[in-house]
Structures are given as C-alpha cells and as structure tokens.
Amino acid sequence: RFIAKPCAINLGIQDSGPHRAQPNAILEKVFTSITKSPDAKRLEGLSKQLDWDVRKIQRWFRHRRNQDKPTTLTKFCESMWRFTFYLSIFFYGIRFLWTAPWFWDTRQCWYNYPFQPLTSRLYYYYILELAFYWSLMFSQFTDIKRKDFLIMFVHHLATIGLITFSYMNNMVRVGTLVLCLHDASDFLLEAAKLANYAKYQRVCDAFFMLFGVVFIVTRLGIYPFWILNTTLFESWELIGPYPSWWLFNGLLVTLQFLHIIWSYLIIRTASKALVRGKVSKDDRSDVESSSEEEDVTSNSTKGVFSTSSNGSNRLNGHVAGGQWTGE
C-alpha cells in the first residue's frame, strides 16, 4: 500500500481493470448461478430470450469473466511483496550460513546429533521461513486466485510440515541448507513478473531465463548431490537409521520428484518461447487463472512472457512456479 503501489504508479501501471460488461440482469443471473461459460445450446436460448446475437452474448460473458480478474497493479503489489521477502531471506540465510561449519562440510550436520545447540540466529531464520509459509497458506484465500489453488494449498501444508518436523527433531542444520537452496531462485521469478507488469520485456526475459538456469542448477544439481547425499548417506554412516530417518528422507525425495516435474515444465515453456517468440500459457504451478481468449490480443509483445490486451500475465510463475512457486 505504501511502497509497492507508489512504485507501480511511477512505472506507469494504472489501477484500472478490464472493460466492464454491460449491465444485464438475466445474463448476470446465469453467470452467478449457472455457468460462467455457457455452451452453444444455452447461448442459443439466451439469444432468443434477449433478442441478442450469439456473438454479442459470448462477448458479454468474456467481459464479465475478465471483470473479476485482478488488475495489473494488484498483481504487481503482490509480486513486489514476495520479491522483497525472498530476496531478504535469501541474503539473510547466505550471511548466516557463510560462517556455519555445516555449510562447508555437510557432515557437520550429523556430528553430535541430536545434541546440537540452537543458536538465536538459526532460530530466527527458521521461524521467519515458517511464518512466511503460514502466511502464504492463509493468504491464498484473499490473494490473487490461481488455477492451482488446491495444489499449492497442499504444497504449503507439506512445506510447513517439513519445516516443523525438522525443527522438532533438531534437524535444523540440514534444514537451513534446504531453505536457503530453495530461496535462491524464487526472487528471480518475482523480479521477472515485476518487469513483465511494468512492460520491460527484455528485462523480464532476462530474469526469467536466469531464473530457469538457477532453478535447474539448484534443484536438479545441488539439491540431490549436496542435500540428499548428506541426508541419505552421510547421516546413515554417522548416526545410523534413526526412527525418523525414513519419513524425513521420504519427504525430501518427494520434493526432488517435484523439482523434476517443475524443471520439465520450465524447459518446455522456455522451448516454446524460443520457437514461437512468445508463450500463450504458462505450464508451471504458480500461474494466475486465465479466461478464454480476449476480443483483441496485442501481438506486439514477443518475449518469454506474453501480455494480453488487459495487461494480464500469461506466463509467470513457481514454473511456472507458482507460482512459478517456491517450495
């Protein structure tokens, strides 16, 4: 309200929504009570009832659907908040872990386990991350409605469960490595979305490509060979298969499968962008929900993200994601 909105206005982002549909009590009742996308048979019936052309009714429903979509200003403010947090927590984590011995030698995560001290800096890092994911879970009900609402809700629950579980079992050392690794790419995605909303297409494309590279390197390279290596093999060697070993590693391996899926979607989206010059639909999980095609779509934007005539983002992302979404 006090920072993101003025920034958006200075960048020329207007607080204006799409074209509003012409008031019509009959169509509004159908829209709110029956369907937002009537089939051909219902369109014919409404055409006879109102003495309107079918195309005119289709346009009315299209405008009415777009009327409920968030404005570009709203999306910019939400992305700026997430960008601020992801960037801040990532640098906080890097600064904290730079002096931590387990950052340079992952075997230190298991020496003298579980009798390891919980320092105040480590505690605040964990609590900040946990609080943020709790806020994401609750704010899903009030933030921009996304088509992957249920998936992301389950994802946030799983993330909260993993953070809480590792904290209760004093696995916070390896937990900080997982958190920092996942924060490394999320702020780049939000930066790409901010550039897209501000219509700086080349900056947007650059941030997205950088995000894709960092995401794949960290999630398919560093995560399995650094994190999973220490939780699966080094922990077994140093302290043996403790009771929670199976559950903890099961959750981390499941996370790796999600990384593979999301990386595939990023690569597919980037490939489409390179071949076609633009992307009409984002394949990743963190994507604003979109209605059918607009009446008029600007084809002046040819970058990785394509923007419709009402300024809505066609590709954003936690890859995609979501939101393109962080884990």
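Which residues in H3 meet which residues in H4? I found Leu43, Glu44, Leu46 and Ser47 in H3 against Val54, Ile57, Gln58 and Phe61 in H4, where contact means heavy atoms within 4.5 Å.

Before going on, I noted that this is a predicted model, where local features need pLDDT of at least 70, side-chain atom pairs count only at pLDDT 80 or more, and totals for chains, interfaces and linings use all residues. Residues are numbered from 1 along each chain as its sequence is written, and side-chain values use heavy atoms, with hydrogens and water left out.

**H3 and H4.** I looked up the geometry next: H3 (residues 40–50) and H4 (residues 54–67) pack at about 110°, with axes 9 Å apart. That makes H3 roughly perpendicular to H4 (65 to 115 degrees; under 35 is roughly parallel, over 145 roughly antiparallel, and the rest oblique). The axes are lines fitted to C-alpha atoms, for helices over the stretch in contact, and angles run from 0 to 180 degrees between N-to-C directions. The helices themselves are DSSP runs (H or I, at least four residues), numbered from the N terminus.

**H9 and H10.** I then checked H9 (residues 172–197) and H10 (residues 201–239), whose axes come within 8 Å and cross at roughly 170°. H9 and H10 are therefore roughly antiparallel to each other. Their contact residues divide into 22 nonpolar, seven polar and two charged. Here Ala, Val, Leu, Ile, Met, Phe, Trp, Tyr, Cys and Pro count as nonpolar, Asp, Glu, Lys and Arg as charged, and the others, Gly among them, as polar.

I get 20 residues for H7 (residues 120–139) and a reach of 28 Å from first C-alpha to last, close to the 28 Å expected at 1.5 Å a residue. Its buried residues include Leu122, Tyr126, Phe132 and Met137 (buried is under 20% relative accessible area, exposed over 50%, partly exposed in between, with a 1.4 Å probe and protein chains only). Gln140 sits in the loop between H7 and H8 (149–168), and I find Gln140 buried at 13% relative accessible area. Beyond its neighbours within four places in sequence, Gln140 is in contact with Phe149, Met152, Phe153 and His156.

**Cysteines.** I counted zero disulfides, a disulfide being a pair of cysteine sulfur atoms within 2.5 Å. The sulfur of Cys7 has its closest cysteine sulfur in Cys77, 8.9 Å away, too far for a bond. Cys7 is partly exposed at 29% relative accessible area, while Cys109 is buried at 2%.

Technical notes:
Helices (H or I, at least four residues) and strands (E, at least two) are DSSP runs, numbered from the N terminus. The expected span of a helix is 1.5 Å times one less than its number of residues.
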